[in-house]
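Let's walk through this structure together, step by step.

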Amino acid sequence: MALDPESAKAEIIKFCEEKSASKSKFYFNDFTKLFPDEKTRDVKKLLTQLVQEEKMVFWSSGSTTMYGLTGAGKQAHSEGED
Amino acid sequence: MAFISSGYNPDKPMENRISDIGPRHFGEFLPPVIAKNFGKWDYHEILEPGVLCHTGLSGDKAYTVRCGSARLISVTHVREICEIADKFAGGFLRFTTRNNIEFIVEDKKAALDLKAFLNSQKFPGGSMKFPVGGTGAGVTNIVHTQGWVHCHTPATDASGTVKATMDAVFDDFANMKLPAPVRISMACCLNMCGAVHCSDIAILGIHRKPPLIDHEYLDNLCEIPLAVAACPTGAVRPSKVELNGKTYKTVAIKEERCMFCGNCYTMCPSLPLSDGEGDGIALMVGGKISNRVTKPAFSKVVVPYIPNEPPRWPTMTKVIKKILDTYAADAHKYERLGDWANRIGWERFFEKCELEFSAHLIDDFRDPAYYTWRQTTQFKW
Amino acid sequence: MAKHKTPLLDQLESGPWPSFVSDIKQEAASRAKNEKGVQYQVAVDCPEDLLGVLEMSYTDGETHWKHGGIVGVFGYGGGVIGRYCDQPQMFPGVAHFHTVRVAQPMGMWYSTEFLRGIMDIWDLRGSGLTNMHGATGDIVLLGTSTPQLEEIFWELTHNMNVDLGGSGSNLRTPASCMGMSRCQYACYDAQELCYNLTQEYQDELHRPAFPYKFKFKFDGCPNGCVAAIARSDLGFLGTFKGPIKINQEAVAAYVGGEIAPNAGAHAGRDWGKFDIQKEVVDLCPSKCISYEGGKLVMDHKECVRCMHCINTMPQALRIGDERGVSIFCGAKAPILDGPQMGSLLVPFIEVNKDDDYQAIKDVVESVWDWWMEEGKNRERIGETMKRLGFAALADAAGIAADPRHVQEPRHNPYIFWKAEDVEGGWDRDLAEFRKRHQR
């Protein structure tokens, strides 16, 4: 990919933080929109790295999966999993 | 009880982690006669209900005994199945896609002995543990979902409706006297994780009241944009309400747009959908999956609502039995339930099955509805 | 002595069909006794509490479960479904009661050794209750607490050499029929293709990045025992091009009543003597069979491979050679716009293990690339197809239009012509036009 992975990951984190007032969970394609010139597979690799670095987590409705910052949002608390 | 560690270190989740290995290869689990004749089978016969014989090009024969299961089964029960497999079937077994269990034995006598043994095993409450059947032109086991046992959006129970239905049609599980196979499926809400949309008879849980809104807690428990986005019909929008002089951020629901799916509740626990009075069952019939003679077909709604009547849902089982018996008496050999209804006409289907037709049964949901209305002078009086 | 009174559920213990209530009670009793001295890692009495909360639902007609979205194992976006009871004080044993999906072996064959190993883990670390199997095909382990999830995953992967299945917007656990293992109709090795693609796409299975769920199912023949045409976003159905092979002596044996038709499937009722004209010839959907002078004659070119004649006389008729798969795209249950069957995308493709199924993987990946680019959030590929048109999908997958793609041609002439389709393109000269036409 053309982007530097570290700065791209920082951009993802920044995007999530900026939106955090209204929502904490994001669809995968919210992130692909940040990098319109990159392949979706490469964007996914960044997100996988962020999950493995414990900076982001998955959230699943059972049928749909979203990404969010670790510990962000109301759901963790309401499920008693924080 | 003391915590027993598997070896996992929570401080270093990636340490010695194994991931992305997928399932075990099926080749490890094939009984010897199956492995030997893999890809070289010649033909099969159903010797009697629940007993099959497959003959290989080599002349080898594999005898299969098939029995039903509740799908929701315990470790104790699975271990008992393993004991049977060890004793009778060389330590191997198979589950079918419809939750039946199959044992492979070497000859016909062993198969019939095993059938007799399986049919003799009972739970203390009186039900059979391993009823043999589910083959040929009969009713086989019902595929189903979780229901009240484990799901957050069900409109009915799955295991209970299935148990009640299988008891009512049991004779057709243990025999092969129908015109063609009848596949019954059960899904406990219209999201259909049980995908019942192509079944001869489908039991479907349905809600009929829009979600309750717990305004006071909603903004604490869930994220409003997600609840709004979850609604397939766009019926949920952000809103504010005043309660006891306090303003709460919440949602408003356009109730006439609600399709009662429960997707908003999945995203937001402050929008519960379940309701004892509102919830119940719809019945759908006439779907099929196989390409045999006619094309695969969708199930059609023939009963819009039956109240939940736990523990045995007597109204529902009575209607199912009536449809099944009418079909059995009237259809041609090889004719699936939907093919029979198409041949006699759906107006005749309602008449013969003594089902009431109502406006709820005329499709009004988006484009596909039009294709279900009648555009011909051909119909029956 | 039962922890909770369950008078309604108790009524489900009678009748012939196996009672799940009796079985849960049996598990509750076994855990209470604990003859093997198991150090149960979740509440010993959770089966009792499950019966208790279920009895409550049977009384009030409402569910008592809440969904949880966060729990899972590290690095995976699926495989665990979070569940919480909404009456945790009354039923503490099931307050946290998460489901774990485990990848099933293709065709669902098991050795008792493997099955016991899974059960031992679930005895120690879960409720002792399972679903064999879930609707998509997984082994479903029903009910455990959050701290046990990583432990279960560790033991599954380290001790049992098996992985979790899928959930959420990922590739769901693929499923196949039993295929060649015990069926003479299998046109390809459905289990092996299913296994190979499952292994190839582990990342897509565990780390969701699709707009919504995506299912693969593999049926060995058009009989469709795993419902690939109705239940999978990409369905692989075995098919063949060569003529159905006829054994005329066996045909005569069916006609003469020496062999029971339909493999004996109708033996429970007296349907009268087998009538080959009525039961085979007349039911052929493409009317390509005749029975003349004691011989079955087939116009093979007109056969649509519905399987009826083969199913009815399995000892006389066998599937033809030149076998492969047809690929169908976009099946789904009704939500939202109505149910969809899979639409035929690839009429025939070879199943070639020698090149690791590359031709099939090329189709899969080009279909995914298109859907990931074009699909909206929570949109199944069947819905994307409907929104953008079948031709857009076929084009993305590199598949040329073929009359087999349609039941019949379109009913309207609103063809979206593109400039390159038309002689001279769309750039027209207004001045030239005005020379021919006044304003």
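Find Ser74(B), and look across to the residue that stands opposite, Leu129(C) in β5(C). Keep in mind that you are looking at a predicted model. The two residues belong to a pairing between chains: strand β4 (residues 72-74) of chain B and strand β5 (residues 129-132) of chain C run antiparallel and are joined by 3 bridges. As a bit of background, strands of a sheet pair through backbone hydrogen bonds, and they can do this in a parallel or an antiparallel way.

Now for another place where the two chains share strands. An open sheet of 6 strands can be followed in the order β1(B)-β2(B)-β3(B)-β6(B)-β5(B)-β4(C), with antiparallel pairing. Which strands stand at the edges? They are β1 (41-48) of chain B and β4 (109-111) of chain C; each has a single partner strand, so one side of each is left without a neighbour in the sheet. On average, neighbouring strands of this sheet are turned by 30° against each other, if direction is ignored.

To see one example, pick out Tyr43(B), whose bridge partner in β2(B) is Thr55(B). Helix α3 (residues 108-120) of chain B packs on the sheet, where it touches β1, β2, β3 (61-67) and β6 (101-105) of chain B. The direction of this helix makes about 10° with that of β3(B). Next, move along to β5 (92-95) of chain B and β4 of chain C: helix α4 (residues 112-125) of chain C lies across them, running at about 80° to β4(C).

Let's step back to the contact between chain B and chain C. The size of an interface is often given as the accessible area lost when the parts come together. For chain B and chain C, the buried area is about 12500 Å², and carbon and sulfur atoms give 60% of it. The contact takes 139 residues from chain B and 143 residues from chain C. Across this interface there are 8 salt bridges. One of them links Arg207(C) with Asp20(B), with the closest N and O atoms 2.7 Å apart. There are also 78 residue pairs in polar contact between the two chains. On the side of chain B that touches chain C, helix α2 (residues 75-88) of chain B gives the most, with 9 residues. That side divides into 71 nonpolar, 42 polar and 26 charged residues.

How many residues does the contact of chain A and chain B take from each chain? The numbers are 14 from chain A and 12 from chain B. These two chains bury about 1100 Å² between them, with 59% of it on carbon and sulfur atoms. There is 1 salt bridge here, formed by Glu223(B) with Lys25(A), whose closest N and O atoms are 3.5 Å apart. The interface also has 2 residue pairs in polar contact. On the side of chain A that touches chain B, you will find 3 nonpolar, 7 polar and 4 charged residues.

Finally, look within chain C. Helix α2 (residues 20-33) of chain C packs against helix α3 (residues 46-60) of chain C at an angle of about 145°, and their axes are 8 Å apart. Among the residues making this contact are Phe20(C) and Ile24(C) of α2(C), together with Leu50(C) and Leu54(C) of α3(C). By class, the contact has 10 nonpolar, no polar and 4 charged residues.

Notes:
Residues are numbered from 1 along each chain as its sequence is written. Chains are lettered from A and ligands numbered from 1 in the order in which they are written. This is a predicted model: local features need pLDDT of at least 70, side-chain atom pairs count only at pLDDT 80 or more; totals for chains, interfaces and linings use all residues. Side-chain values use heavy atoms; hydrogens and water are left out. Contact means heavy atoms within 4.5 Å. Buried area is the accessible area (1.4 Å probe) that two parts lose on being put together, summed over both. A salt bridge is a side-chain nitrogen of Lys or Arg within 4 Å of a carboxyl oxygen of Asp or Glu. A polar contact is a pair of N or O atoms within 3.5 Å; within protein, one must be able to donate a hydrogen and the other to accept it, and residues adjacent in sequence count only if both atoms are side-chain atoms. Helices (H or I, at least four residues) and strands (E, at least two) are DSSP runs, numbered from the N terminus. Ala, Val, Leu, Ile, Met, Phe, Trp, Tyr, Cys and Pro count as nonpolar, Asp, Glu, Lys and Arg as charged, and the others, Gly among them, as polar. Two strands pair if DSSP finds at least two bridges between them. Axes are lines fitted to C-alpha atoms, for helices over the stretch in contact, and angles run from 0 to 180 degrees between N-to-C directions.
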